[in-house]
Amino acid sequence: MSDTTATTESKSTTGGTDSSKSGSAVALKDASKSVAPAGERGKTSIADQVVAKIAGIATREINGVYDVGGATERMVGKVREVIPGTGTSTTQGINVEVGERQAAVDVSIVADYGVAIHQLAAAIRRNVITSIEQMTGLEVTEVNVTVHDIHFGDEDDDSSDTPRVQ
């Protein structure tokens with residue numbers, strides 16, 4: 001409501017019939033004082049879900065992350081992939097707390113075997129912090145990374161039809 005009032009006031013002030021140049025300059029100065037900056041014309045709220053999705057996507061972008069989430073979350077994710085009309089959840093394995101100006105993130109992952117876990121965690125932190133801060137303007141106070149498991153490349157071959165014993 002104050003936006004409409006401020007806009008109306010500035011139009012009526014600048015729309016006067018004073019033909020002197022000094023009168024117009026004063027009217028323009030007064031109009032600019034009554035209009036609030038864009039950042040003060042409303043409130044932006046960012047849902048926890050939005051921050052969690054940004055963190056999930058930023059985590060998956062890092063090489064060396066095999067999957068996101070603990071064992072239970074990954075199992076539910078596999079079931080979700082099979083059901084038609086659903087897909088992988090981008091927030092799987094991500095927990096966030098969002099305040100008015102700050103956010104804290106917990107990330108659970110499965111790392112690829114052979115990756116330096118401390119470097120992987122640092123890369124995840126860096127990417128998550130950068131993504132959230134650039135996209136939301138929130139300050140990220142912490143990103144906690146939990147590695148639940150290591151994935152070996154040959155684990156996917158266990159489902160082959162070749163019997164182990166003949």
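Start at N95: its bridge partner in β3 is D106. This is a predicted model, where local features need pLDDT of at least 70, side-chain atom pairs count only at pLDDT 80 or more, and totals for chains, interfaces and linings use all residues. Residues are numbered from 1 along each chain as its sequence is written, and side-chain values use heavy atoms, with hydrogens and water left out.

Select residues 94-98, strand β2. β2 pairs with β3 in the antiparallel sense, over five bridges (pairing requires at least two DSSP bridges between the strands). Helices (H or I, at least four residues) and strands (E, at least two) are DSSP runs, numbered from the N terminus. Three residues form the hairpin link from β2 to β3.

Stay on D106. In β4, its bridge partner is N144. Now show β3 (residues 102-112) with β4 (residues 139-151): they pair in the parallel sense over 11 bridges. Between them the chain runs through helix α5 (residues 117-136), a right-handed β-α-β crossover (with the strands pointing away from the viewer, the path from the first strand over the helix to the second runs clockwise).

The α3 and α5 axes come within 9 Å and cross at roughly 140 degrees (axes are lines fitted to C-alpha atoms over the stretch in contact, with angles from 0 to 180 degrees between N-to-C directions). The two helices are therefore oblique to each other (angles under 35 degrees count as roughly parallel, over 145 as roughly antiparallel, 65 to 115 as roughly perpendicular, the rest as oblique).

Finally, display side chains. V51, I54, A55, A58 and T59 of α3 meet α5 residues including I124, V128 and M135 (contact means heavy atoms within 4.5 Å).
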